[in-house]
Protein chains: 2
Amino acid sequence: MAQSRSSTTKAAKKARGAGKKLKIGLIGFGTVGRSVAKILCQDASGPLQLTHICNRNIEKKKIAGLPAQIRWTSNPDDVLGSDVDVVLELVGGLEPAGDWVRKALRAGKSVVTANKLLICESGPELVDLARKMGKRIEFGASVAGGIPAIIGIQEGLAGDRLYKIAGILNGTCNYILTKMEATGASFREALKEAQDLGYAEADPSADVDGIDARAKLVILTQAGLRLRVRSEQILARTISTIESVDFVYARDLDCAIRQISLAQKDTPQGARLSAAVQPALIPSASLMAHAQGSQNIVTVTGEFGGRVIFSGYGAGGDPTAVAVISDLYAIARSTGAPPELFPGAGETPESVSGDFTVPHYLRFVVRDRPGIVAALATILAKYQISIDALLQKPGFPHSALSFVMTLEPCDSAVLHRALAEISRLDFHVEPPLCLPIFLD
Amino acid sequence: MAQSRSSTTKAAKKARGAGKKLKIGLIGFGTVGRSVAKILCQDASGPLQLTHICNRNIEKKKIAGLPAQIRWTSNPDDVLGSDVDVVLELVGGLEPAGDWVRKALRAGKSVVTANKLLICESGPELVDLARKMGKRIEFGASVAGGIPAIIGIQEGLAGDRLYKIAGILNGTCNYILTKMEATGASFREALKEAQDLGYAEADPSADVDGIDARAKLVILTQAGLRLRVRSEQILARTISTIESVDFVYARDLDCAIRQISLAQKDTPQGARLSAAVQPALIPSASLMAHAQGSQNIVTVTGEFGGRVIFSGYGAGGDPTAVAVISDLYAIARSTGAPPELFPGAGETPESVSGDFTVPHYLRFVVRDRPGIVAALATILAKYQISIDALLQKPGFPHSALSFVMTLEPCDSAVLHRALAEISRLDFHVEPPLCLPIFLD
């Protein structure tokens, strides 16, 4: 019952046998790093020992309460050249973190990282390098923080054939959108509040434009659908175009608006991928609509097991530290390099598009005059797109009238061609907003 | 990215290197066994090869479409004495399944089982035996079918200190209760329907009296809270006392009624355990209330990571087969016996009780006369228990008046002493129903 999945590394076995531990050198002492250090140092009897902490201007970063024998340094080479067994990279960003990770692996150390950009960009290469060196690289914290989604998908569901991954993978966007929904705040107001609370960066574009979630979707697509994609192949649309009025209309449709990351094969055996990160309408009663604030949710659908859901805190120091430390335990238990068990995992899809055949939500803001709906309907009809319903709340000025059209399921690529034509009409006060409606 | 957590067994490596496979002998060819066989035989290029299928009266069980080289037999010794690498036990029940599992391990084979009773009763002993033989026993399918809860908890959350596990672990009860809720059916009617659909056994007691869920809770308590308990230490209350009127009152309280399995330490570091399987009120808006029909849900709460939720199909041939096959892959990747990494996992709790300090729901059916509420309130006051609200729907006859009392949080042990006294009052038409209300 208390078993783990693999034997101890010789090093770890010897270390523990001799009362020694797996030595860990931490590079990047921010919020997550501090949580990791705090938790590791609480469990002095465990198999993990933090021996180095590295950060720029380390003198300013030192905190009290950690064991005296920890070496504090501002120079990553002090860690990379040391006798640590595992380098824990919590710096983030492609470089210099990537350089340090490669150096660590080449120096015969295993690596644990929470760096989604690096794993998204170079994961397969780094896994290959680790295997070549007989070492491991673990990145459970790179997606959905404290939720054990990667191990759950890659190992716990290894026996299924997954064909769809959908999730809320960015807590900042979820915070902003659930805030707008609950309070009627504008995007700017909700963003400002998220920034004041430290949930959003001064430059929020990586979050709100979907770049962050896209990197995570690339990693999940590799782990779950066993397809290798590059992030630039995946459509990312900003949530900054969502206005408070959209939540009013969405509520009339029994829907919530969330930033949804979705990757889906055409069939369980298929090799054509549709993938996108974008704001979308989802049913208010759905589990994804229930993820509040900074919570994350990952749902995967398999040919045999149906839908499985993982949910929890996707960010924050302590939850992310749990994922990091769980990865450290996995290394403590491991026997070195993992084999490549799933030969399919390196395959590239036949095609990648951001198109889904689903109902859509169109919101227009127009200078009111007769004939607007007729003009829109004519263009949509030309593209064989059927209107489902027309919603208009009272109280808007004629100079900036906001109304919504919902469409029967249609291919979003076709719809965007129609919208390009519609956008050229002269009554728009702002560009039309188009959101997919994901009903399941 | 496509890595797994451990290296290949020598046998598996050699086998695959030579174009051979991990040989699997299946004992127990029911619904799950057929799903496993179907899925395994679809993937002829994978590392797993089904070589034996064993069941009583095997001639009647044979199905078409499986490879001709599979050996069909009614004699388990044909499997146990063969050259299979893994014995897959899908018979269920303590004996003779336990005997076969022990024989398989002693014969130097690894074992995969979905047998919750066996693992609940003898898990630690079997894991020890497997380790002694340098082999593995995996039981991911024994809890919550297709949901990767055990690996998610035991490995993905290894870095946390879990102190609470709550879940809906029995799909039959969940089917019956959600059916009663949706249609107003009585327990008997909903049970009959579940039986007609094959969701419930002719003798439904293992499901409706909480015996099945309790075995799963024992396994999860071991994996997640790292405490060893015996099933008879855990309180199990039947759902058969729930009446359709309870759903009417529950709805007024914005609650649903579900069979909830709950195990909780007194503190994250504590060694006192409260654990029970029982019908309970939970908020209608909660995720657990959203588990429909035969779905399962497992929530775990840790000191650092907060609450993590796993949800999906807990039963059925194909979802359970996914868990079984994922375990087979884990063995294909493994290096033999796992180490005992978590020394705490064998600890027994200081104490085990079925008591929780929470609000409660009391439903009485009485012959109406003046003074009933006063009599109840007097006894409750004697035990320092405060009444929160009194609910009474119109339309009941005076001879069998049904009403509900909700109580402020109190220790359920104290409350049950009060209820013993209350039960002796002469106005009851049926024994009072007492359900805990779990608000988080």
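Predicted model: local features only at pLDDT ≥ 70, side-chain atom pairs only at ≥ 80, totals over all residues.
For A:V324, the contacts beyond its neighbours within four places in sequence are A:V32, A:V36, A:L88, A:V112, A:A114 and A:A141, together with B:G159 of chain B. In soluble globular proteins, nonpolar side chains tend to be buried together.

In chain A, four strands form an open sheet in the order 15-16-14-17, and their pairing is antiparallel. Strand 15 (387-391) and strand 17 (428-436) of chain A are the edge strands, each of which pairs on one side only, and the twist from one strand to the next averages 15°. Strand 14 (residues 357-366) of chain A is joined to the antiparallel strand 17 of chain A by six bridges, and A:V366 stands opposite A:H428 of strand 17 of chain A. Helix 16 (residues 412-423) of chain A lies across strand 14, strand 16 (401-411) and strand 17 of chain A, and runs at about 175° to strand 17 of chain A.

Elsewhere in chain A, the axes of helix 6 (residues 116-132) and helix 11 (residues 211-225) come within 8 Å and cross at roughly 50°; helix 6 of chain A and helix 11 of chain A are therefore oblique to each other. The contact involves A:K116, A:L117, A:I119, A:C120 and A:G123 from helix 6 of chain A, and A:A215, A:K216, A:V218, A:I219 and A:Q222 from helix 11 of chain A. The crossing of helix 6 of chain A with helix 11 of chain A is left-handed.

Definitions and conventions:
Residues numbered from 1 in each chain as written. Chains lettered and ligands numbered in written order. Contact = placed C-beta atoms within 7 Å. Pairing = 2+ DSSP bridges. Helix = DSSP H or I, 4+ residues; strand = E, 2+ residues; numbered from the N terminus. Axes fitted to C-alpha atoms, helices over the stretch in contact; angles between N-to-C directions. Parallel < 35°, antiparallel > 145°, perpendicular 65-115°, else oblique. Left-handed = near helix turned anticlockwise from the far one by under 90°.
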